[in-house]
Amino acid sequence: MKIWERDCNEGGAVSFYACLGHAFCSTIPHDDRVTGPWSCPMSGDPSLSSSASGVRQNETSGGGVSRGRELLARSQSILLSADFRDGKGGISRVARTLDEVVGFSSVLSYDGESSAGDRRVRFCGGNRARFVAHALPRLHLRVPDLIFCDHADVSVVPALLKHKKSRLVIFLHDEEAWGPLTRKRQIGLSKASLLLCNSEYTRRRFLKSHPEFEAITRSCLLGGVPHAFGKVQHTGPLDPWLLDPRPFALFVSRLWREHRYKGHLELIDAFARLQSVEGPRLRLAIVGSGNDVPTIQERIKARGLGDEVRLFTGVGDALLHEFYKKALFFILPSIREGFGLVFLEALSCGKPCIAIRDQPAEEIIEQGVSGYLLDDNWPETIASALAPIQRDPEKMRVMGEGARLRYETHFTREAFRFRFERALEGLL
């Protein structure tokens, strides 16, 4: 996600912010990270892993309200968001989940236009000058105690403009943190008091490339689905394909050529291999949009899959919930995820998940209980895993209860709140 280079190059963007920082914030120290021992558990602590039960969400070692919650309650806080618009993908979902957990004093969103909704929220329409202009009084003149960024790309602004008493918390997702850091991201992260990764997998990959941040980096598994998910009913007619009682697998993702690591083409090839397997044909619904749609349509036709594999584009949340409800299971054979919020959507609907081993899915799915983990996403590997399901789909229906229990005990919004508040104890 590159939000600053729309109308300038990297050097120009950094120079733009550096000038503002010099003009307005010359009193900011070079390094105001939290020093001294951390009071929150280390990243390997079970209380910060996926084994942290949602039932324990309000517990501390001494009982009562956690110190992280007390810190939030007494702090003025602001969220600088890459995109706070509702229903605009994973980044915006994380931003809104953070707001529901923290209750920010104000929110400044780089993308999106202003609306008559929440008066705390200001949208900047993708205009970086406007973003900085609104950020300046919020960060340096009103001086919040805590500044949160939901993406590394917006962290350069608080890094240059924030007051020395403010502490900066940055949420890291995946690719923006794994590889070499751009100059602006380096500036932002160098001023952080705490870096929160959306999974232990992301934390390990980030620190492998940037071990200098180990002291301030923690993992905090995401949790929760959008509040409206499953509550807004789809009112239009359903496609006859969805009304067909034959079982089908569900794949949900953006469908971009540059994101073929999601495995949608391999999945189509795997279903072509299933044609020679005995039993009623298992079907596949691919839900998503993007510039790879023509290739997907051509691949389905070339493999002779006819009506067994269908592509659905332009699917809203209400209709998407219908797909989850009617699917036998969910499958995302991606080999490069930071987390995978779609797994939570599937688990919350009681649908087992199939994903790839050595990915964040290992922190979400219990092998043989709430789904299956495959060694790779080669078509033959996927087909080998799907063949027994095609012969006996009842096994996946039984596993649905384990999927729902996995969500309710580990990945609710309250379970995420517990992990998030524990991680923030490192700021005390």
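**A helix and its surroundings**

Reply: This is a predicted model. In it, the buried residues of H13 pack against helix H3 (90-102), strand E8 (248-252), helix H12 (317-326), strand E11 (329-331), strand E12 (353-356) and helix H15 (394-410).

Me: Which residues of H13 are the buried ones?

Reply: They are Leu 341, Val 342, Phe 343, Leu 344, Glu 345, Ala 346, Leu 347 and Ser 348. That is eight of the eight residues of helix H13 (residues 341-348), so the helix is largely enclosed by the rest of the structure.

Me: What follows H13?

Reply: Gly 350 follows H13, and its phi is positive, near 75 degrees.

Me: Switching to the sheet. What is the order of the strands?

Reply: The order is E3-E2-E1-E4-E5-E6-E7, in an open sheet of seven strands with parallel pairing. Strand E3 (121-123) and strand E7 (217-219) are the edge strands, and each pairs on one side only. From one strand to the next, the twist averages 20 degrees.

Me: What holds strands together in general?

Reply: Strands of a sheet pair through backbone hydrogen bonds, either parallel or antiparallel.

Me: OK, take E4. How many bridges join it to E1?

Reply: Four bridges join strand E1 (residues 77-83) to E4, and the two run parallel. Leu 79 has Phe 148 in E4 as its bridge partner.

Me: And how many bridges join E4 to E5?

Reply: Four bridges join E4 to E5, again with the strands running parallel. Leu 146 stands opposite Arg 167 in E5.

Me: Which way do the side chains of E4 point?

Reply: Leu 146 and Phe 148 point one way, Ile 147 and Cys 149 point the other way, and all are buried. As a general point, side chains in a regular strand alternate between the two faces of the sheet.

Me: Next strand along. How is E5 joined to E6?

Reply: Strand E5 (residues 167-172) and strand E6 (residues 194-197) run parallel and are joined by four bridges. Phe 171 stands opposite Leu 196 in E6.

Me: Which strands does H8 touch?

Reply: Helix H8 (residues 200-209) packs on the sheet and touches E5, E6 and E7. The direction of H8 makes about 155 degrees with that of E7. Helix H16 (residues 413-424) also packs on the sheet, touching strand E4 (146-149), E5 and E6. The direction of H16 makes about 155 degrees with that of E6.

Me: Now two helices together. At what angle do H10 and H11 cross?

Reply: The axes of helix H10 (residues 264-273) and helix H11 (residues 293-302) cross at roughly 10 degrees and come within 10 Å. That angle makes H10 roughly parallel to H11.

Me: Which residues make the contact?

Reply: From H10, the contact uses His 264, Leu 265, Ile 268 and Asp 269, and from H11 it uses Thr 295, Ile 296, Arg 299 and Ile 300. By class, the contact of H10 with H11 has four nonpolar, two polar and two charged residues.

Me: Asp 269 is in that contact. What does Asp 269 form a salt bridge with?

Reply: Asp 269 forms a salt bridge with Arg 303, and the closest N and O atoms are 2.8 Å apart. Asp 269 lies in helix H10 and Arg 303 in the loop between H11 and strand E10 (309-312), so the pair ties together parts that are 34 residues apart in sequence.

Me: Is Asp 269 buried or exposed?

Reply: Asp 269 is buried, with a relative accessible area of 17%. Arg 303 is partly exposed, at 34%.

Me: How many salt bridges are in the whole structure?

Reply: A search of the whole structure finds 26 salt bridges. One of them pairs Arg 69 with Glu 421, the closest N and O atoms being 2.7 Å apart. Arg 69 lies in helix H2 (residues 67-73) and Glu 421 in helix H16, so this pair ties together parts that are 352 residues apart in sequence.

Me: Are those two residues buried or exposed?

Reply: Arg 69 counts as partly exposed, at 25% relative accessibility. Glu 421 is buried, with a relative accessible area of 2%.

Notes. Residues numbered from 1 in each chain as written. Predicted model: local features only at pLDDT ≥ 70, side-chain atom pairs only at ≥ 80, totals over all residues. Heavy atoms only, no water. Pairing = 2+ DSSP bridges. Axes fitted to C-alpha atoms, helices over the stretch in contact; angles between N-to-C directions. Contact = heavy atoms within 4.5 Å. Buried < 20%, exposed > 50% of the residue type's maximum accessible area, 1.4 Å probe, protein only. Parallel < 35°, antiparallel > 145°, perpendicular 65-115°, else oblique. Nonpolar A, V, L, I, M, F, W, Y, C, P; charged D, E, K, R; others polar. Salt bridge = Lys/Arg side-chain N within 4 Å of Asp/Glu carboxyl O.
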